[in-house]
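Dear colleague,

I am passing a structure on to you, and I would be glad if you could look through it before reading my notes below it.

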Amino acid sequence: MGQKILVVVDIQREYVTPGRPFHIQSIGPSLENARRVLAAARKRGWPIYHVRHLQNGSIFSRDNEHGQFVQGFEPQTGEREIHKADFSCYSAPAFAEAMRQHGERGDEIVLIGYGSTMCCLCTLVE
């Protein structure tokens, strides 16, 4: 049996900024839970992958602050940041290859994040 790894999906400012199309007004409790999971994974030394949805345009844009990570969810030294432009994290070749390697070792993937009916679900079923 392998180790546990953490995949942090799209914890970006689009979700926490009032007035933005994807703003989640009641995000506080789930964001705090995500902080606890991330802190526990860091403490235990799990490999951590931060996946960020980036695209051209005004939503999840690489050109504005709303596409950036929520404060406190930025990758730390040794943690990997991967960018995707589609719903599934597997749409990013770097992610697909990393997960293939973890799968070969029998690692257990723990997934947290937003866009649960889109990005998280697409990643889980792929």
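What follows is a description of the sheet, the helices on it, the cores and a few individual residues.

Please note that this is a predicted model, in which local features need pLDDT of at least 70 and side-chain atom pairs count only at pLDDT 80 or more, while totals for chains, interfaces and linings use all residues. Residues are numbered from 1 along each chain as its sequence is written, and side-chain values use heavy atoms, with hydrogens and water left out.

I begin with the sheet. Four strands form an open sheet in the order β3-β2-β1-β4, with parallel pairing (strands are DSSP runs of E of at least two residues and helices runs of H or I of at least four, numbered from the N terminus; two strands pair if DSSP finds at least two bridges between them). Its edge strands, each pairing on one side only, are β3 (80-84) and β4 (108-113), and from one strand to the next the twist averages 25°. Strand β2, residues 48-53, pairs with β3 in the parallel sense over five bridges, and His 53 has Lys 84 as its bridge partner in β3. On joining β1, β2 again runs parallel, here through four bridges, and the partner of Val 7 in β2 is Tyr 49.

Strand β2 is mostly covered, since six of its six residues are buried (buried means under 20% relative accessible area, exposed over 50% and partly exposed in between, with a 1.4 Å probe and protein chains only). In a regular strand the side chains alternate between the two faces of the sheet. Here Ile 48, His 50 and Arg 52 point one way from β2, whereas Tyr 49, Val 51 and His 53 point the other way. The charged end of Arg 52 also sits over the ring of Phe 69, 5.2 Å from its centre (the criterion is NZ of Lys or CZ of Arg within 6 Å of the ring centre and within 35 degrees of the ring normal).

Next comes helix α3, residues 116-125, in which Thr 123 is found. Thr 123 counts as buried because its relative accessibility is 6%. Leaving aside residues up to four places away in sequence, Thr 123 touches Phe 87, Ser 88, Cys 89, Tyr 90, Phe 95 and Leu 111 (contact means heavy atoms within 4.5 Å).

As for the nonpolar cores (sets of buried Ala, Val, Leu, Ile, Met, Phe, Trp, Tyr and Cys residues joined through side-chain atoms within 4.5 Å), the largest has 15 residues, of which Leu 6, Val 8, Ile 11, Leu 31 and Phe 73 touch the most other members. The elements that give two or more residues to this core are β1 and α1, and the largest share, four residues, comes from α1. Apart from this core lies another, of 13 residues, among them Ile 5, Val 7, Ile 82 and Ala 98.

Finally, two residues deserve a look for their backbone. Most residues other than glycine have a negative phi, and most peptide bonds are trans. Asp 10, in the loop between β1 and α1, has a positive phi of about 55° although it is not a glycine. Phe 60, in the loop between β2 and β3, likewise has a positive phi, of about 50°.

With best regards

Methods: Axes fitted to C-alpha atoms, helices over the stretch in contact; angles between N-to-C directions.
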